[in-house]
Amino acid sequence: MKHSTLTPADPVVRAAAAIAAQTQLRWIHSSEVLDIAPLLGGGELLLTGGQALASASDKRRIGYIWELAERGVAALAIETGAALPSIPSSMVGAAEAAGLPLIELRKVVPFVGVMEAINSLLVSESAAHLQQADRASHAMAVELAHGGSLDRILAVLADAAGAEVVLTSNAGAPLASAVPAGYAGDGGLAPMGEADQDRARTTHIDVSVRGIPSARLSLHTPAGGDVNLARIAGNRSVDILALALLQRMPPGLKEMAGAALIRAVDSGMQNWRLQQLAPAAGIPPAAQLVAVVIRSPGSRQLRTTIEQLLDRVGRHSASYADSEELLALAVLRTGKAQEDRGGILAGLRTLELPEGTVSAVGPVASGISAAPWSLAEARLTLDVGAGYEPPSFSPRQASEVLDAEAFAVERLASHSLDEVQRTDFVRQQLGALLEHDDQRRSALVETLRVWLDSGCNTAQAARELHLERQSMHQRLQRIFALCGGDPRGTGRLPALHLATRLAALQPK
């Protein structure tokens, strides 16, 4: 913030100021793309002009913050002005909770000039760090070749990085740890990752064995240490640690086959390949099963928790996680498929998941050959559910669990009707109600949808809308007058119900 190219922007820290004071930069990027997180490597200062944020929903803005924080971005700087007069309070709150320094640039500066000036300084520093990291990686390889323990291998990394190093399993169990020579601790700081200052100096890196996320490497740099060196050295050490883990605790055949099966299901591979992989993963090819898709800032870290839930509810499960999604298949008991599926939905809703997490449970698939369909329908549910705004009496939760069966109509419409056809159908069926809502800021379409969803139960709909029963009757009379009479007992009722469901998906 004190660099000569940034000071003209009149920057001010809006969130996570304690972390900002201790943050080291690895690089500076500029982007207006909200889905930028998977393309970043961590340690970056991200500059944005705010145009995309200005038109985004509040939910997307909060998700953007959590995605950047999970990716390990050093800080986010947003330029405010005509497009975005101020940073929304929801983003400030999310950044504070996520430990992501959020900076407001109150005046316009040329981002290209800022990046060229600061990145040129960082390049020189990174070259030296890479040399040190490569020497450390070589020394770790020598230690591994001589049969050194995980603790001894990590000791080499700890000395090179000047950081406390801990390797844990996906379940959080410690596998090995080391501290640099002469390390005296942090003098009473909170445990690693809990305090704001610690989060700024802690780097987390996933370690995969044969493509299966198997462990997490955490490097905690003491006050005054070089966070960038620790980050580079940690990333350079991943392959050596993967080899060490493979020698000492190789992934089981079932786990490897399960990950391969999920990838095959996801890629739409031929049925014979699914039939081949399923038994090795412990999944009978003819079993009834269900697909689960979870999009979360912490999808990799959720894998063990989700598998434990699925194994507890069903018989067997398999999962695979990347930086964006966690995909899973769960085998359901014969004759109790819907009961088990309901248990999975209920279990997901009880989990404490990161803010911005959204999950979907697909329909029941009969046999492994139908698993790609269940997975595709779960993904489609996430897409149509993202556009579905709940009524004001039912606010969105920090994390959402969507049931594909509850969106069966929307899924059918997505398959059968394009966006223009859906819009035309809604306008044909609900034109008068939409116009009334637009002109008088009323909620007749929403009222009709809740009433129809309740099975035309006026008392129940009134309770859900927090209306007096008389007020509900008055609204219904107004609705009937505008849409051509009471639809009960007529062929118009299904069309109106479909239109209200599709209307909820229309962009606001």
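Helices (H or I, at least four residues) and strands (E, at least two) are DSSP runs, numbered from the N terminus. The structure is a predicted model, in which local features need pLDDT of at least 70, side-chain atom pairs count only at pLDDT 80 or more, and totals for chains, interfaces and linings use all residues. Residues are numbered from 1 along each chain as its sequence is written, and side-chain values use heavy atoms, with hydrogens and water left out.

Residues are called buried under 20% relative accessible area, exposed over 50% and partly exposed in between (1.4 Å probe, protein chains only). In helix H11 (residues 271–280), the buried residues include Leu274, Leu277 and Ala278. Seen down the axis of H11, its buried residues fall within an arc of 110 degrees, so they line one face of the helix. The arc is that of the directions from the helix axis to the C-beta atoms. An α-helix has 3.6 residues a turn, so residues three or four places apart point the same way. After H11 comes Gly282, with a positive phi near 80 degrees.

Helix H4 (residues 89–98) buries Ser90, Met91, Ala94, Ala95 and Ala98. These buried residues fall within an arc of 130 degrees seen down the axis of H4, so they line one face of the helix. Gly99 follows H4, and its phi is positive, near 75 degrees.

Helix packing was examined next. Two packed helices are described by the angle between their axes and the distance between the axes. Axes are lines fitted to C-alpha atoms, for helices over the stretch in contact, and angles run from 0 to 180 degrees between N-to-C directions. Angles under 35 degrees count as roughly parallel, over 145 as roughly antiparallel, 65 to 115 as roughly perpendicular and the rest as oblique. The axes of H6 (residues 150–161) and H9 (residues 238–248) come within 11 Å and cross at roughly 175 degrees. H6 is therefore roughly antiparallel to H9. Leu150, Ile153 and Leu154 of H6 meet Leu241, Ala244, Leu245 and Arg248 of H9, where contact means heavy atoms within 4.5 Å. This contact has six nonpolar, no polar and one charged residues. Here Ala, Val, Leu, Ile, Met, Phe, Trp, Tyr, Cys and Pro count as nonpolar, Asp, Glu, Lys and Arg as charged, and the others, Gly among them, as polar. Leu246 also lies in H9 and is partly exposed, at 23% relative accessibility.

The UniProt annotation "domain: PucR C-terminal helix-turn-helix" (unreviewed entry) covers residues 444–501. UniProt positions are given in the numbering used here, feature names are shortened, and annotations may be inferred rather than shown by experiment. This span is 74% helix and 0% strand, and its end C-alpha atoms lie 13 Å apart. The axes of H18 (residues 458–465) and H19 (residues 469–483) come within 9 Å and cross at roughly 105 degrees. H18 and H19 are therefore roughly perpendicular to each other. Thr458, Ala459, Ala461, Ala462 and Leu465 of H18 contact Arg469, Met472, His473 and Leu476 of H19. By class, six of these residues are nonpolar, two polar and one charged.

His466 sits in the loop between H18 and H19. Its phi is positive, about 60 degrees, although His466 is not a glycine. His466 is exposed, with a relative accessible area of 64%. Arg441 lies in the loop between H16 (419–440) and H17 (444–453). Arg441 is not a glycine either, yet has a positive phi of about 55 degrees. Its relative accessible area is 79%, so Arg441 is exposed.
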